[in-house]
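I opened my notebook to look up one residue and one kind of bond. Here is what I am working from.

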Amino acid sequence: MLLAAAVVIAGCRAGAGFDGTGLDPFLCQAGDLPGTFMEQTRGDFTADDLGGLSRMPEERKAAYRTAGMQGGRFVFWKEALPRPPFASPVNVVCQVLSFESEEQASAWVARLRPDPDIIRDSGMLWAPMENASTIELPGERGRLFELVASEGDAQVRLFAVHEARGRLVVSVFAGDRDGRTEAATALAIAASRDARLERERATSASR
């Protein structure tokens, strides 16, 4: 199974109880991504949907509700590669979480720890947990984590960037099965998204 493939399944059932279509501008768009990517799916989810993907679902659901998480929206992109043989494609999940207040959004990001379960559970995605380890890396924006784990003979490498933006937490997850994704990929996507949002804000303000 490919990194983040389970997000397709989650997207088919998520969204009951939360309408996140207005959050689409905060998700990464095709122009924010390096190279050529194909959109696989997008959808809404509740705090319970996100918590339900955890190995400790009831504990995580309760924690997300206590944190003031209302729900979120995601989009799943897969790198388009030439004909085989080729390396595993890079998978990108961009996500927006909505909280009841700005303080709660900032607190959720601040409480993140370099723990494999916490980082994996922070996104509407799938990642293996065999021999998993996580470290926090310095980043230009928000908080940046690297998760490395085994999946059979594959060595999965995933980078996660979380940034509080008002009542929202905007996130980028980028990884693949061959360990060729770099932290710079996730950071560049987040930077492109933020630059686009700033341009759109400036255009709206000038009208």
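I count a contact when heavy atoms lie within 4.5 Å. This is a predicted model, where local features need pLDDT of at least 70, side-chain atom pairs count only at pLDDT 80 or more, and totals for chains, interfaces and linings use all residues. Residues are numbered from 1 along each chain as its sequence is written, and side-chain values use heavy atoms, with hydrogens and water left out.

**Entry one: Glu-39**

I found Glu-39 in strand β1, residues 37-46. Strands (E, at least two residues) and helices (H or I, at least four) are DSSP runs, numbered from the N terminus. Which residues does Glu-39 touch, not counting those up to four places away in sequence? I noted Val-75, Phe-76 and Trp-77. I also checked Ala-80, 41 residues apart from Glu-39 along the chain: their C-alpha atoms are separated by 9.8 Å.

Is Glu-39 buried, partly exposed or exposed? Its relative accessible area is 37%, so Glu-39 is partly exposed. Buried means under 20%, exposed over 50%, and partly exposed in between (1.4 Å probe, protein chains only).

**Entry two: the disulfide**

A disulfide is a covalent bond between the sulfur atoms of two cysteines. My cut-off is a pair of cysteine sulfur atoms within 2.5 Å. I found one disulfide in the structure. It joins Cys-28 to Cys-94, S to S 1.8 Å. The pair links distant parts of the chain, 66 residues apart. Cys-28 is in the loop between α1 (6-13) and β1, and Cys-94 is in strand β3, residues 91-99. Both cysteines, Cys-28 and Cys-94, are buried.
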